[in-house]
Amino acid sequence: MMRVSFVALCVLALAVVIFSSETGTAEAKTCNPMKLLPCMSALTSSSPPSTSCCSRLKEQQPCLCGYIKNPALKQYVDNPNAKRVASTCGVPYPKC
């Protein structure tokens, strides 16, 4: 029950970030943290990332520094599980 609430809170936080941000630049149109939802279980537990997660992570790789700098997303992107997921997916963790 607590895990479901945590995941729901994460999804809500991501939705707030998406709908409250400006999308005036070309980069903003391609950066979409909601595309990383398939990674949520791997980011919040020790489960391995799915193929879908790795695919989405590779698509969103140019956006990761922006996500790290965003206070609403930083806790999900800048933690040991995120680094493990990135490594497992073959995506270099960004040095921002």
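## The buried side of helix α4

In this predicted model, helix α4 covers residues 51–60, and its buried residues are C53, C54, L57 and Q60. Why do these residues sit on the same side of α4? They span an arc of only 130° around the axis, and that places them on the same side of the helix.

C53 counts as buried because its relative accessibility is 0%, under the 20% cut-off. C54 also counts as buried, at 14% relative accessibility.

How many disulfides does a search of the whole structure find? The search finds four. One of them is formed by C39 and C53, with sulfur atoms 2.0 Å apart. C39 lies in the loop between α2 (26–30) and α3 (40–44), while C53 belongs to helix α4, so this bond ties together parts that are 14 residues apart in sequence. The torsion about the S-S bond of C39 and C53 is about 110°, which makes the disulfide right-handed. C39 is buried, with a relative accessible area of 2%.

C54 has a partner too: a disulfide joins C54 to C89, with an S to S distance of 2.0 Å. This pair links distant parts of the chain, as C54 is in helix α4 and C89 is in helix α7 (residues 80–89), 35 residues apart. Here the torsion about the S-S bond is about -70°, so the disulfide of C54 and C89 is left-handed. C89 counts as buried, at 5% relative accessibility.

C65 sits in helix α5 (residues 64–69) and C96 in the segment after α7; the pair links distant parts of the chain, 31 residues apart. With -95° about the S-S bond, the link of C65 and C96 is left-handed.

Is C96 buried or exposed? C96 counts as exposed, because its relative accessibility is 54%, over the 50% cut-off.

## The pairing along the chain

What is the pairing when the bonded cysteines of the chain are numbered in sequence order? The pattern reads 1-5, 2-3, 4-7, 6-8.

Conventions
Residues are numbered from 1 along each chain as its sequence is written. This is a predicted model: local features need pLDDT of at least 70, side-chain atom pairs count only at pLDDT 80 or more; totals for chains, interfaces and linings use all residues. Side-chain values use heavy atoms; hydrogens and water are left out. Buried means under 20% relative accessible area, exposed over 50%, partly exposed in between (1.4 Å probe, protein chains only). Helices (H or I, at least four residues) and strands (E, at least two) are DSSP runs, numbered from the N terminus. The arc is that of the directions from the helix axis to the C-beta atoms. A disulfide is a pair of cysteine sulfur atoms within 2.5 Å.
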